[in-house]
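Let's take a friendly walk through this structure, one stretch of chain at a time. Keep the sequence beside you as you read.

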Amino acid sequence: MADTDKTCRRAMANAADYTEWREAADRHDAISGAADWREQQDSPHYDAAELKRSIVLMERHWRERDVEPLIDLLQESLHRHLNDVLEPELYTTALGGTKHLVRRWLEAVERVIDGLVDLDSPDWPTHRKLEVVSRAYKNLGRSGLLLSGGATLGFYHMGVVRALWRAGLLPEVIVGASMGAMVAAGVCARDADELKTLFATDQPDIETVGLEWRPLLEALRTRTLMRPERMLATIEKNCGTYSFAEAFARSGRVLGISLMPTRRRQKPRILNHLTAPDLYIPRAALASAAVPGLFPPVALTRLDRQGEETPYIEGETWIDGSFGGDLPRERVSRLHNVNHFIFSQTQPHMLPFVAGANQKGLVRLASKAALSAARTQGLQALSVGRKLTAKTPFGAGLNLAHAVVQQDFSGDIDIHPRFDPRVYAKLLKNPSRADLGFFIQEGERATWPKLAHIRDSTRIARCLARNEARLLQS
């Protein structure tokens with residue numbers, strides 16, 4: 001039976017792995033005409049003639065081993081062309097990726113960088129290579145993965161992370177809030193072998209029972225519905241009992257956890273191995289998930305020289321980072337030289353709006369318009385409410401709601417699962433093993449269409465990072 005748009009999309013929606021998805025995507029591109037679009041060199045988003053000229057000049061300088069002119073050309077090309085060739089619109093036509101001319105240009109840049117580092121010449125010593133590569137890497141910046149909150153829906157993040165890891169595209173900087181913080185901690189606390197073991201099966205060996213409801217009288221007395229002891233024990237089993245510095249030493253990955261202090265006039269914070277190296281990760285992750293009314297605020301602890309827990313800041317308690325910085329782009333950029341953000345979004349109040357963001361034409365425009373309108377109207381209503389309830393018990397709650405709505409929930413590349421109202425029934429339930437497998441698989445399926453864009457967007461930075469590491473070891 002001949003392929004049709006419908007049969008190809010059904011095959012992609014039900015694909016068991018990326019290879020199967022990509023085969024169906026390539027068939028779809030062939031019948032839709034997108035494969036022909038990839039062959040066409042011209043585009044309104046870049047200057048095709050300049051791209052071809054850049055490729056020719058790089059190849060000529062490399063053949064002649066003209067190191068200094070080649071360095072100048074690379075610097076000029078990266079500043080002149082990189083933003084153009086990675087324009088998001090170039091990744092909305094073909095499921096298999098962008099124009100072949102763009103891919104050839106990226107391949108040429110990577111080939112030249114690798115060649116320059118390998119070049120053995122007395123006029124091109126190692127310290128000079130390191131200087132050039134490190135400066136280029138610093139100027140270009142690197143990618144970061146931001147994982148939103150989302151209660152039980154946050155298990156989708158496991159599939160996103162696994163898809164990126166299997167493709168060799170998992171960023172070294174991973175920041176999370178609430179459930180996203182727990183997933184980020186579980187990944188960044190594991191070394192390479194442990195991560196391989198974690199993702200070896202479709203249902204990783206992790207503890208999923210973290211929600212324990214309080215009895216009615218206990219809930220009334222504590223004014224919270226969940227027992228934090230159960231959640232903390234689950235986090236410790238899944239993430240280990242490390243400090244931020246210990247986790248970084250084990251994995252080489254930067255773990256960031258976003259949370260909010262409860263004192264007034266305090267700003268959200270990103271905890272990591274730079275800002276809080278001795279902080280105890282499980283309590284930080286618990287605090288980042290402490291939704292007011294569900295969990296009580298959490299007092300953080302640090303590990304002293306004997307490995308014992310001691311108070312971090314006396315008298316300070318912390319709550320869910322989603323209320324002040326669910327996806328804290330600017331702070332992560334300043335801390336870790338990240339200029340490219342991959343957002344994994346599982347917040348239940350956002351999924352209905354972002355469901356059409358990956359579509360084309362009117363559906364995409366309508367989704368963006370609906371999100372913008374809802375955000376604007378929500379901020380206006382909450383601003384009025386905050387003024388009217390400033391000195392009442394309701395004021396604090398409206399302040400938190402206002403902080404959530406005013407956040408920017410978009411990145412350079414956004415990943416979110418398909419909108420399915422049925423999963424909302426699982427929002428505050430411990431997932432079964434079948435549920436866990438479902439969330440992971442759907443997270444992977446949401447990521448596969450983005451891999452081509454992610455691979456291209458991070459290609460030069462990954463090349464520079466790889467060569468910087470080689471030079472530092474030589």
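Helices here are DSSP runs of H or I with at least four residues, and strands are runs of E with at least two, numbered from the N terminus. This is a predicted model, in which local features need pLDDT of at least 70 and side-chain atom pairs count only at pLDDT 80 or more, while totals for chains, interfaces and linings use all residues. Residues are numbered from 1 along each chain as its sequence is written, and side-chain values use heavy atoms, leaving out hydrogens and water.

Arg65 is not a glycine, yet its phi is positive, near 55°. With 42% relative accessibility, Arg65 is partly exposed; buried means under 20% relative accessible area, exposed over 50%, and partly exposed in between (1.4 Å probe, protein chains only).

Further along, Ala151 belongs to the loop between strand 1 (142-147) and helix 8 (156-166). Ala151, also not a glycine, has a positive phi of about 55°, and its relative accessible area of 29% makes it partly exposed.

Now turn to helix 12. Which of its residues are buried? They are Pro228, Met231, Leu232, Thr234, Ile235, Asn238 and Cys239. Because they cover an arc of only 160° around the axis, they lie on the same side of helix 12; the arc is taken from the directions from the helix axis to the C-beta atoms. Helix 9 (179-188) and helix 14 (281-288) are among what covers these buried residues. The face turned away from the buried side carries exposed Glu229 and Lys237. After helix 12 comes Gly240, with a positive phi near 85°.

Technical notes. Contact = heavy atoms within 4.5 Å.
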